[in-house]
There are 2 protein chains.
Amino acid sequence: MQEEHKMPRARLRVVLSDKAALGPGKVGLLEAIGETGSIAAAGRKLGMSYKRAWNLVEAMNRDFAGGLVGTTRGGRDFGGAELTPAGRNVLEIYRAMEARANESVQSELQLLSAMLGEP
Amino acid sequence: MQEEHKMPRARLRVVLSDKAALGPGKVGLLEAIGETGSIAAAGRKLGMSYKRAWNLVEAMNRDFAGGLVGTTRGGRDFGGAELTPAGRNVLEIYRAMEARANESVQSELQLLSAMLGEP
DNA sequence: CTTCGATATGTATCACAGGACATATCGATA
DNA sequence: TATCGATATGTCCTGTGATACATATCGAAG
């Protein structure tokens, strides 16, 4: 697991409709699935239960046309999960959004930080 | 109450430290307090309990130096609440962040919207 | 000195999201 | 056909946070 910087940052939650939304949780899971090739392994990596991970995958596959995660049953080195082309696309787009948004609000982020009291 | 556009948008949650964060909920309350001059009225306007509103105010006053909301006890047209200069400042900065962030990710927002399935 | 409307704060209850646990099924391999 | 590890899905239970309710205090006004 890569450790995130403990810097002030803006987290992004994209509200696409009154039903579909995308935030750091789902996107992180998406990334972990891409890395591990398994919903279960991705869940373990992020410290979430398999059920929660699977629920998030289900939601994403429901909301996005064609689905973002493809799954194959069966154990050993055969079964598993992988990102669909759409899944890789969404991941890439979201990361780009995140980066751009953070860049564009850097100055305001500093201003707010300066207004904090003693921790 | 002004009706928000039902357009895809990016909501912002600013994480300033491991203790202090600022999201749409607190900022909306801040704005409503500025408009109504009362925590109770702001809470009613946003459909939240007085206790919840007051807890959020308490958290903001704890996290930000000097506090964001000043209060005066006493009823009738004497008592009430108002934004401190810092409070008005935070509100303004956050709204600016929101606007900038949304502008800067417009293209990606459209791309994601186009990938949704049928609602 | 009572009333009114607001802040300020505590307690008890309750809904619900989430986790723990249990199973079913699948596909390859041996 | 037994085993293994993964997806897939259901049920029960608990912890937590919100809500409802209660109360205290304040300050002006009448």
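Visitor: How do the residues of the surface near DNA strand D divide into nonpolar, polar and charged?

Guide: This is a predicted model, in which local features need pLDDT of at least 70, side-chain atom pairs count only at pLDDT 80 or more, and totals for chains, interfaces and linings use all residues. Residues are numbered from 1 along each chain as its sequence is written, and chains are lettered from A and ligands numbered from 1 in the order in which they are written. Near DNA strand D there are six nonpolar, ten polar and seven charged residues. Ala, Val, Leu, Ile, Met, Phe, Trp, Tyr, Cys and Pro count as nonpolar, Asp, Glu, Lys and Arg as charged, and the others, Gly among them, as polar.

Visitor: What makes a residue one of the 23 around DNA strand D?

Guide: Its C-beta atom, placed from the backbone, lies within 6 Å of the strand. Among the 23, A:I39, A:A40, A:G75, B:G74 and B:G75 come nearest.

Visitor: Which residues are closest to DNA strand C?

Guide: Of the 23 residues that surround DNA strand C, the closest are A:R52, A:G74, B:I39, B:A40 and B:G75.

Visitor: Why is the relation of chain A to chain B called a two-fold axis?

Guide: A rotation of 180° with 0.0 Å of shift along its axis superposes chain A on chain B, with RMSD 0.1 Å. That is the relation of a two-fold axis.

Visitor: With which residues is A:I33 in contact, leaving aside its neighbours within four places in sequence?

Guide: A:I33 is in contact with A:I39, A:A42, A:V69, A:A81 and A:L83. Contact requires C-beta atoms, placed from the backbone, within 7 Å.

Terms used
Least-squares fit on C-alpha atoms with pLDDT ≥ 70 in both. Contact = placed C-beta atoms within 7 Å.
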